[in-house]
Amino acid sequence: MIGFATRRLIQAMIVMLVVALLAFTMFRFVGDPINQMVGIETSIEEREALRDRLGLNDPIPIQFLRFITNAAQFDFGTSYQFRQPVSELFAKRIPATLELSFTSALFALVVGIPMGIYAGLNRESPISKLFLSVSLVGISLPTFFIGILLIFLFSVTLQWLPSFGRGETVQIGSWWTTGFLTVSGIKALILPSITLGLYQMTLIMRLIRAEMLEVIRTDYIKFARARGLPDRLVNFRHALKNTLVPVITITGLQLGAIIAFATITETVFQWPGMGLMFLQAVQNVDIPIMSAYLLLTAFLFVAINFIVDILYFYIDPRLRVGRP
């Protein structure tokens, strides 16, 4: 187990180093940082002094080493657009993105798993076919279009839910703000969560249905039924357990995708998270925010994959065969 975790950890560190190199390249060579930080009235001497102070005249390996060291300490430099440290800007936006992402993932799991189990066990029923039709809609339609449809139906036509913003939030501690503790915050969370989680919900539903259909045809399930075991025990203890290995893998990867690619949903609903700030940074060529977003999303993917690999190791006994 320790050897398996160590190998995965080394692989994760190599991936992060490659991503850090890409982020550093973007930070260092996409435009001149000095031109983004000062105005046209700044003299050449002042520009050179600022360049020396920022270490931009140092050799490239030293700059890269300093970039990695600062990033490991959550220091991503100063935003060109906001004139504030990027770490402070991210700290203000992370609660909004994480709450939206985890609510979307929870929606996908709570709705997708029961639908997948039912569709797998009742293949020919009308409700199962209805679930498949709904899943086709969720997979086929683009995220922004689903968001616009939900806004038109629930915000404009029915006027039940807000169409943008995060609602009223409550401060917890020094920097965490949450909308879970207010009615307007929960209402504001519903539409973007469904929009962001619908694709993952349909994906999980179809995956569990396919795995259940395959597992219930295997010999050990037929043998369990022949022994007279109750259907509930066979379906939920033996069949469902063996469908969870690929589901955990996909769910972990999709959780990373939800966090990383929430930009479209945050833009449609003007959700004040990291994704919306990243798009604004792209529009203003704010390289520190762009490189920091790249590093953070890569770190989330790597961390989630590492946890999924460890869970995979525990759930699937075949991976433990022949390992120390």
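Predicted model: local features only at pLDDT ≥ 70, side-chain atom pairs only at ≥ 80, totals over all residues.
Colleague: How many helices and strands does the protein have?

Modeller: The protein has 13 helices and 2 strands, and its C-alpha atoms fill a box of roughly 85 × 60 × 35 Å along the principal axes.

Colleague: And what share of the residues counts as buried?

Modeller: Of the 324 residues, 41% count as buried; as for contacts with a separation of 6 or more, 71% of them come from residues 24 or more positions apart.

Colleague: Let's turn to H8. Where is the kink centred?

Modeller: Helix H8, which covers residues 183-215, has a kink of about 45° that is centred on Gly197.

Colleague: Which residue caps the N-terminal end of H8?

Modeller: That is Thr182, with a side-chain oxygen lying 3.0 Å from the backbone nitrogen of Gly185.

Colleague: Gln200 is in that helix too. Is Gln200 buried or exposed?

Modeller: Gln200 counts as buried, because its relative accessibility is 8% and the cut-off for buried is under 20%. Leaving aside residues up to four places away in sequence, Gln200 touches Ala108, Gln254 and Ile258.

Colleague: New topic: at what angle do H5 and H6 cross?

Modeller: The axes of H5 (residues 86-121) and H6 (residues 126-140) cross at roughly 130° and come within 9 Å, and the two helices are therefore oblique to each other. Their crossing is left-handed.

Colleague: Which residues make the contact?

Modeller: On H5 the contact is made by Met115, Tyr118 and Ala119, and on H6 by Ile127, Ser128 and Phe131.

Notes
Residues numbered from 1 in each chain as written. Heavy atoms only, no water. Bend = angle between axes of the 7 residues up to and from the residue. Helix = DSSP H or I, 4+ residues; strand = E, 2+ residues; numbered from the N terminus. Polar contact = N/O pair within 3.5 Å; in protein donor to acceptor, adjacent residues only side chain to side chain. Buried < 20%, exposed > 50% of the residue type's maximum accessible area, 1.4 Å probe, protein only. Contact = heavy atoms within 4.5 Å. Axes fitted to C-alpha atoms, helices over the stretch in contact; angles between N-to-C directions. Parallel < 35°, antiparallel > 145°, perpendicular 65-115°, else oblique. Left-handed = near helix turned anticlockwise from the far one by under 90°.
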